[in-house]
Amino acid sequence: MKGRKGIPSSAGDSQQPLVDVEVIAAGIAHEVRNPLNALQINLSILEQELSEQIPDKSSHVFEVVRKIANELRSLDNFVTEFLRYARPPRLKLEPVAVRPLLTDLATFIGPECAKKGVALSVTGEGGPGTVPADGFQLKHAILNLVLNALQSTPAGGSISIESKGEAGRLEIAVRDTGEGIAPDLLGRVFDAFFTTREGGTGLGLPIARRIVEGHGGRLEVASRPGEGTTATLSLWVRPEP
Ligand SMILES: Nc1ncnc2c1ncn2[C@@H]1O[C@H](COP(=O)(O)OP(=O)(O)OP(=O)(O)O)[C@@H](O)[C@H]1O
Ligand SMILES: [Mg+2]
């Protein structure tokens, strides 16, 4: 039992031994991913050959090909996310400047927020300017939090990415004014494959937590239904006393 605030230890806890899931991941990588890639390549060859023989691009056959391609893409996304979850991240630690990482992220996801009519802001005061981290993995973890916020926040709402902390500790909070999470579901959001979203995989938060804990940090989620959700990530720059 790790005693994380509001999140009971459970079968989906990221501290479970990983041996079995890693073996499954190796099998999936080999037995599913390779044929899946071959299917995608063959489908695009088929599409090309069909378009040489059928000039009418609105023909039903192209719609069928597009549907198959979409299904293959979502299967490929699922496999990619599952492998990311199942294989513990190998971290390449280097000094990472916090503010540029957050503004980069906001530049990347900003257009999607704007399209939905959700305001996105980055604020920061205090805390270390640089942390020893794997910048790519850390960005991926925070991106998962921002994506969750965006998916749960209707037009007119807002998302803020706030960084703060004192000298030896960095805290990054992703706060949204979205639908929130019902109290009886809050304890399950870090369980692998727990999702309430149509088309969701339920791996975004478990992956984010694994990355943050790989850095020796903590990730927690607090929420008020109807008011919004805050995901808070804490990293220690020096070992805890
Ligand atoms: N900011 C948020 N606001 C409301 N609900 C949230 C938020 N973040 C997470 N949740 C809830 O936690 C669940 C799990 O989140 P998680 O990111 O692990 O998976 P997902 O978003 O459903 O799928 P994906 O694998 O595509 O990320 C969500 O389905 C949703 O019910
Ligand atoms: Mg998610």
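**Gly226 takes a positive phi, near 85 degrees, in the hairpin of E6 and E7.** Between the two strands of this hairpin there are 3 residues. Strand E6 covers residues 218–224, strand E7 covers residues 228–236, and the two pair in the antiparallel sense over 7 bridges.

What you're looking at is a predicted model, in which local features need pLDDT of at least 70 and side-chain atom pairs count only at pLDDT 80 or more, while totals for chains, interfaces and linings use all residues. Residues are numbered from 1 along each chain as its sequence is written, chains are lettered from A and ligands numbered from 1 in the order in which they are written, and side-chain values use heavy atoms, leaving out hydrogens and water.

**Step back, and the protein chain shows 6 helices and 7 strands.** Starting from the N terminus, you'd read the elements as α-α-β-α-β-β-α-β-β-α-α-β-β. The chain has 241 residues, and 40% of them count as buried (buried is under 20% relative accessible area, exposed is over 50%, partly exposed is in between; 1.4 Å probe, protein chains only).

**E7 also has a strand partner in E5.** Strand E5 spans residues 169–176, and its pairing with E7 is antiparallel, over 8 bridges. One place to look is Val174, whose bridge partner in E7 is Ala231. Is E7 enclosed or open? It is largely enclosed by the rest of the structure, because 7 of its 9 residues are buried.

**Arg218 and Glu220 meet in a salt bridge through their side chains.** Their N-to-O distance is 3.4 Å (a salt bridge is a side-chain nitrogen of Lys or Arg within 4 Å of a carboxyl oxygen of Asp or Glu). Arg218 is partly exposed, at 37% relative accessibility, whereas Glu220 is buried, at 15%. By this rule, the count of salt bridges comes to 9.

**Lys164, Glu166, Arg169 and Glu171 join up in a network of salt bridges.** Follow Glu171 to see two of the contacts. Arg169 bonds to Glu171 in a salt bridge, with their closest N and O atoms 2.6 Å apart. Lys164 also meets Glu171, this time at 4.0 Å from N to O. Glu171 counts as buried because its relative accessibility is 15%, and Lys164 is partly exposed at 39%.

**Leu75, Phe78 and Phe193 make a nonpolar patch on the surface.** Patch residues have over 30% relative accessible area and no salt bridge, with like charges joined within 9 Å and nonpolar side chains (Val, Leu, Ile, Met, Phe, Trp, Tyr) within 5 Å. Leu75 sits in helix H2, residues 60–86, and is partly exposed at 42%. Phe193 is in the loop between H5 and H6 and is partly exposed too, at 41%. Check out its backbone: Phe193 isn't a glycine, yet it has a positive phi of about 75 degrees.

**Asp184 sits in helix H5, which runs over residues 183–186.** With a relative accessible area of 60%, Asp184 is exposed. Asp184 and Val221 are 37 residues apart in sequence, and their C-alpha atoms are 13 Å apart in space.

**The largest pocket is lined by 40 residues.** Which residues lie nearest its centre? They are Asn148, Gln151, Arg197, Gly200 and Gly204. (A pocket is an open set of points on a 1 Å grid over the protein atoms alone, where a 1.4 Å probe fits, with protein on both sides within 12 Å along at least five of seven lines; lining residues have an atom within 4 Å of a point.) H4 gives the largest share of the lining, 9 residues. H2, H4 (135–152), E5, H6 (204–214) and E7 each supply at least two.

Methods: Pairing = 2+ DSSP bridges. Helix = DSSP H or I, 4+ residues; strand = E, 2+ residues; numbered from the N terminus. Areas by Shrake-Rupley, 256 points an atom, 1.4 Å probe, with all protein chains shown as cover.
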